[in-house]
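Trainee: Could we work through the fold and packing of this model together?

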Amino acid sequence: MPSANRRVERRSAPSPAELEAARSRLLPDVLPGPGDPPLRVLFCGINPGLVSAFTGHHFARPGNRFWPALHASGFTPRLFAPSEQGLMPSLGLGITNVAPRATARADELDDAELVAGGERLRALVADVAPRWLAVVGIGAYRVAFGDRRAAAGRQERTLGPTGVWVLPNPSGLNAHQTPATLAAAFRELREAAGQAG
């Protein structure tokens, strides 16, 4: 019989050394496979954070409000954990990033990385043909697509038949957005994108 005094070791966060080692990891896109419905929305983060690179899950840093905003806006039937990102394609949703390099903060990226990411996104969108590309982060969008005057919301630009939408950055570091304002912004996109097929 196990002792009542035995401690169960539970790690709540990766160590600083583990996070530093995660800088070299690439985070795969979450895209539909055979049997999944057509891609309604391809969500595009700025770049993976170190916690995301460490776990292998997008928007994984505690305090990131992507998953709560996705649920509060009606994109998902319940609040998904980052580890459940594989459920997204069954809802016609996917995830990618503008820049592949993992950093502690998005402002560690230089403009050349974001511009190259914009070119990669154009090719990815041509390949997977989502109804909407939703970039989460206005600053990254402006640099990646050379549109310094862009504002959040639906963009005039399209990528072939794919509409482009810019959402506020859901990072907990973005103090300009509350959970309610993020949910409202995501809801506008959901209404434009339609319900899951």
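Mentor: A contact means heavy atoms within 4.5 Å. This is a predicted model, in which local features need pLDDT of at least 70 and side-chain atom pairs count only at pLDDT 80 or more, while totals for chains, interfaces and linings use all residues. Residues are numbered from 1 along each chain as its sequence is written, and side-chain values use heavy atoms, without hydrogens and water.

Trainee: What share of the contacts with a separation of 6 or more joins residues 24 or more positions apart?

Mentor: The chain has six helices and five strands, taken as DSSP runs (H or I, at least four residues; E, at least two) numbered from the N terminus. Their order is α-β-α-α-β-α-β-α-β-β-α. Among contacts with a separation of 6 or more, residues 24 or more positions apart account for 72%.

Trainee: What is the radius of gyration of the chain?

Mentor: This radius is taken over C-alpha atoms, and the globule rule is 2.2 Å times the number of residues to the power 0.38. For 197 residues the rule gives 16 Å, so the chain is as compact as a globular protein of that length, with a radius of gyration of 17 Å.
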